[in-house]
Structure formats: structure tokens, C-alpha cells
Amino acid sequence: MTEIRDDNIIVVKNLRTYYPISSGLFAKVKFFVKAVDDISFSIKRGTTMGLVGESGCGKTTVGKTILRLTNKTDGEILFNGIDIHALNRRELKAIRPKIQIIFQDPYSSLSPRMPVGEIIGEAVRDNKLVPKEDFDDYISKVMLDCGLQVYHKDRYPHEFSGGQRQRICIARAIALNPDFIVCDEPVSALDVSIQAQILNLLMELQEKYSLTYLFISHDLSVVEHISDTVGVMYLGSIVEYSDKKTIFGNPLHPYTQALFSAIPVPDPDIKKERIILEGTMPSPANPPSGCKFHTRCRHCMEICKHQDPQMLEIEKGHLVACHLYT
């Protein structure tokens, strides 16, 4: 297994993740839920890519498929040049410590029957990352780096607040010395003041450990704060992608414009035009023909109803899939 290192630690090419829906006496597959439908992007080493969109658009499925927690239907996912989904069980186990995830819910993602020290150190011990004599000191260091105290080792998750539990989840991921972490809405279940602390911790750890993040969120203010690049998803597809400054300063896709118009402005003298999307997001099991967004788009044209728009580079690094720019 040869490891190729370049600027991009993650490369996703034409990824599709479909879930079959069966019915009838013989459980015949009738149709598929297209959770992720032909997306491509790359993440540079040491940076953060934000992935935003409405609930149900496929953001979490993207993260799980990259980590091979969910099987892909088609496409290619490269981590350091290695095809994750082509690895056998032994090869996958060897690479697992380098690709980690921080889950959304810090309450259900921690075992209530294990003390914190064991939760953080279990995978470290199983993967033999440090010698036995250094194990205890290593776990203490990781906990201190994540804002936890050493005496917390013997306590159980129910004895901690939500913010502290998320720190435990972060410490569990950091302890394996990963290169890449999927952050699946890691602050959405926390109070606003605690959110800021966790975001600052993630940025400090990124600098200290040279980490790369895929940061999944529906909170655009959070994504603007932490991300270097941003991808906007709608119904399983990425409709716009660019660096943070460009996409927040000049959103091009009508869906992106509607999303960003909802970001609150902390100045009462500034009035912002609010773009209200009509209707609800269609089902990924039965997406509209042509452009998936045309049923809710105020700029809908006849071509949008029949032809799926291709991703175009409007300016350097700024890609958008919309017939308005063809």
C-alpha cells in the first residue's frame, strides 16, 4: 500500500451514495434514496472545508462515506492518495487512527459505563500507539490539551456538562494522532458561549497538531468563522464551492444567496434583503428532473426544468452549478 502525499489530503471524485428502498413480498428494490449524488471536491492539508446546507441534504452522509462508515455506490475517495474503499480489513484498520470523527451529540456518542480516561485511551491502547509505561502520561497530556483536568480520568460522562463532554469527544479523536477529522455539527447541541470555546479549541488543536477538518454544519456564522473553503449542498449535490472570502462576499447560486441572506447582521442600522425560499426540499428518493433546485428557485428558466447544470468555474477557484452562468 503506497502512500502518496501532496497538497490535497482528501480528494473526492464523482461520489454517489444511494440507499435502496424495497417493498413487496420479495423485498424487491423499487427505487433509491440518492443521499449523495455525484459530488467532487478536495481538501488541502492543514485547512478546513465547511459543508453547509439544509437538514437532509446529505452532509453527514458525505462525512460517513469518506470515513467508510457508510459504503459508497460509485465514485472515488482518496486519502493521501489511497483509495479508502479499496482497502481490505487489515489495511483499513491500519489507516483508521489517521481518519477520525467528532459526532454531533456528545451525550449519546460516549459510553456511560466507561470512565473518561478509558474512553479516551481505549483506541490508543488497542492500536498500541504509545508504550505501556507512557500510556497514562500520554492520556493526561491529551486531556490537558483539550481543556480537561487530569482528575477527570476517573469520572463518568454523566458527571460532565455538554461542553465538557464534547471536549472528551475531541480528546478521544486527537489521542489517535489523526491527520483528518470529520466534525459533524460538533457545536450545534451546545450553548452559544460554549460553541465559541469549542470552535477556538478546534482551531488551536488544528494549528498544534497540523490537522485537516471537514466541518459539517447548518450554522453559517460558525462555518464563516472556522472554514478556509466552503461547499454548499442541496439535495445530495454541491451547487457552489469556493474559498470562504469569495463565497460569503459574492454568492452566485440562488440557493446560496437565499441561505446567506438569513445570516443575522449585528448592526440594527443595516437592513438586509431576506430571500424566502418557497416550498420544502424535495425528497432525495424522487428528486426533480433537470436542476434539483428549480422547484424553489425565483430565477427558474425552462432549461432548468429539463437539463441538469454542470459545475462551472466562474472565477479562479469559484465553482457554481447554475444555468444562469452558462
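A residue counts as buried under 20% relative accessible area, as exposed over 50% and as partly exposed in between, with a 1.4 Å probe and protein chains only. The structure is a predicted model, in which local features need pLDDT of at least 70, side-chain atom pairs count only at pLDDT 80 or more, and totals for chains, interfaces and linings use all residues. Residues are numbered from 1 along each chain as its sequence is written, and side-chain values use heavy atoms, with hydrogens and water left out.

Helices (H or I, at least four residues) and strands (E, at least two) are DSSP runs numbered from the N terminus. Thr48 lies in strand E3, residues 48-52. With a relative accessibility of 0%, Thr48 is buried. Its side chain forms a polar contact with the side chain of Gln206 at 2.9 Å; such a contact is a pair of N or O atoms within 3.5 Å, where within protein one must be able to donate a hydrogen and the other to accept it, and residues adjacent in sequence count only if both atoms are side-chain atoms. Beyond neighbours within four places in sequence, Thr48 is in contact (heavy atoms within 4.5 Å) with Gln206, Tyr213, Phe215, Ile226, Ser227, Asp228 and Thr229.

Helix H5 (residues 162-174) and helix H6 (residues 192-209) have axes that come within 10 Å and cross at roughly 15 degrees. These axes are lines fitted to C-alpha atoms, for helices over the stretch in contact, and angles run from 0 to 180 degrees between N-to-C directions. H5 and H6 are therefore roughly parallel, a label for angles under 35 degrees. From H5, Gly163, Gln166, Arg167, Ile170 and Ile174 meet Ile194, Gln197, Ile198, Leu201, Leu202, Leu205 and Tyr209 of H6.

In helix H3 (residues 116-126), the buried residues are Val116, Gly117, Ile119, Ile120, Gly121 and Val124. Helix H4 (135-145) and H5 are among the elements that cover them.

Two residues other than glycine have a positive phi, as tabulated below.

Definitions and conventions: Parallel < 35°, antiparallel > 145°, perpendicular 65-115°, else oblique.
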